[in-house]
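This report describes selected local features of one chain.

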Amino acid sequence: MDASSLAYSKFVQFAVEEAQRRTSLTPLHSQDRFKSIMAKDNQTELCTLSFRAPKIRCLRSLNIVGGKTMQVLDFCIFPEAEFDLPIFCANFFASPTLSIVVLDLNPLHGAMTQSEHMDKYYKKLLPLCQQYAELFPWGGKITFESIRFFSPVVIWSKFSPSLYRHESLYSAFMEYLKVWFEMVEQSVEEKDPEKILLNRQAQHRYLTWRTEKDPGYPTLRKLIGESLARDLVESFLFDGVNYLGSKRFLDYFPEYRCSDGTTNQRRSVVGKSFESRPWDERGNFIGGDLE
């Protein structure tokens with residue numbers, strides 16, 4: 001199948017229009033810095049957008065337009081630390097033979113262990129997740145380390161691309177995004193400095209993990225080279241990793257430390273993975289101990 005028919009531009013357009021309908025967007029400086037990048041093949045274009053808004057530290061999008069061979073969307077919305085909200089995350093990849101999708105409201109704090117977050121954010125989304133479960137079945141192994149950053153309503157799937165599934169993914173994206181903005185509108189600013197600090201630390205931990213272990217990095221490096229790819233990751237995709245906190249990757253994830261003090265490059269060092277959805281229909285985690 002021609003991947004150009006699986007483009008994600010309308011996903012980005014809807015997200016920006018929905019955000020503008022609900023709040024006031026202000027462009028971030030990174031939008032000008034990384035506005036449009038042509039890959040080394042002179043055919044693939046990397047298009048970016050980034051904004052801030054009340055309650056939103058960063059809304060950003062990377063859309064890789066690779067014509068007939070590849071389409072990629074990396075879209076995230078990060079809340080301000082004063083608001084205990086999940087991170088909206090959509091990572092989609094499409095080639096002529098394979099689509100890989102992750103759509104989730106990544107928990108700022110552990111949704112598996114903190115029932116208040118389960119009740120507050122995810123319970124009402126469970127029917128929506130189950131609605132799409134048959135069309136987007138669980139995509140196979142997710143590492144022990146990665147599952148901690150997913151919620152019970154995650155859509156994680158791999159499938160043969162089709163226009164029907166592409167349109168269904170668009171519907172899921174729109175519905176999840178609308179629910180997230182409803183959460184934002186209902187959220188109340190936290191006044192307790194300790195809780196704000198915990199939110200900031202949790203977001204920094206998430207950014208640190210994604211900066212080091214994001215599976216899309218090899219593709220970026222191939223397209224635009226090591227230096228620009230690293231700059232794009234740290235200063236745009238996961239902006240905040242260099243200023244929201246001072247801890248480094250091995251401070252958060254010491255299990256990745258090698259005997260010589262370097263970072264283990266493997267995605268998983270525990271060796272455990274989840275081949276099927278580790279949550280039941282009520283959102284209870286049934287995958288065992290995560291500690």
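Asn-42 counts as exposed because its relative accessibility is 63% (exposed means over 50% relative accessible area, buried under 20% and partly exposed in between, with a 1.4 Å probe and protein chains only). Asn-42 sits in the loop between β2 (36–38) and β3 (45–53). Its phi is positive, at about 60 degrees, although Asn-42 is not a glycine. Most residues other than glycine have a negative phi. Helices (H or I, at least four residues) and strands (E, at least two) are DSSP runs, numbered from the N terminus.

The model is predicted: local features need pLDDT of at least 70 and side-chain atom pairs count only at pLDDT 80 or more, while totals for chains, interfaces and linings use all residues. Residues are numbered from 1 along each chain as its sequence is written, and side-chain values use heavy atoms, with hydrogens and water left out.

Lys-55 is another residue other than glycine with a positive phi, near 75 degrees. Lys-55 lies in the loop between β3 and β4 (56–66). With a relative accessible area of 22%, Lys-55 is partly exposed.

β3 and β4 run antiparallel and are joined by eight bridges (two strands pair if DSSP finds at least two bridges between them).

On its other pairing, β4 joins β5 in the antiparallel sense over ten bridges. Ten of the eleven residues of β4 are buried, so the strand is largely enclosed by the rest of the structure.

## Strands β5, β6 and β7

Strand β5 (residues 70–79) is joined to β6 by seven bridges, and the two run antiparallel. Gln-71 has Ala-94 in β6 as its bridge partner. β6 is also joined to strand β7 (residues 99–106), by eight bridges and again antiparallel. In that pairing, Phe-92 stands opposite Val-101 in β7. β6 and β7 form a hairpin, with four residues between them.

How many of the eight residues of strand β6 (residues 87–94) are buried? Seven are, so β6 is largely enclosed by the rest of the structure. In a regular strand the side chains alternate between the two faces of the sheet.

## Helices α4 and α6

Helix α4 (residues 126–133) packs with helix α6 (residues 163–186) at an angle of about 175 degrees, and their axes are 11 Å apart. Axes are lines fitted to C-alpha atoms, for helices over the stretch in contact, and angles run from 0 to 180 degrees between N-to-C directions. The angle makes α4 roughly antiparallel to α6 (under 35 degrees is roughly parallel, over 145 roughly antiparallel, 65 to 115 roughly perpendicular and the rest oblique).

From α4, Leu-128, Cys-129, Gln-131 and Tyr-132 meet Ser-168, Ser-171, Ala-172, Glu-175 and Tyr-176 of α6 (contact means heavy atoms within 4.5 Å). The residues of this contact comprise five nonpolar, three polar and one charged. Ala, Val, Leu, Ile, Met, Phe, Trp, Tyr, Cys and Pro count as nonpolar, Asp, Glu, Lys and Arg as charged, and the others, Gly among them, as polar.

## Helices α8 and α9

Helix α8 (residues 217–224) and helix α9 (residues 226–237) pack at about 130 degrees, with axes 7 Å apart. The two are therefore oblique to each other.

In α8, the contact residues are Tyr-217, Leu-220, Arg-221 and Ile-224, which meet Glu-226, Leu-228, Ala-229, Arg-230, Leu-232, Val-233 and Leu-237 in α9. The contact of α8 with α9 has eight nonpolar residues, no polar ones and three charged ones.

## His-204

His-204 is in helix α7 (residues 193–213). Is His-204 buried or exposed? Its relative accessible area is 0%, so His-204 is buried.

Leaving aside neighbours within four places in sequence, the contacts of His-204 include Gly-240, Val-241, Leu-244 and Tyr-252. Between His-204 and Asp-239 the separation is 35 residues in sequence and 9.7 Å in space, C-alpha to C-alpha.
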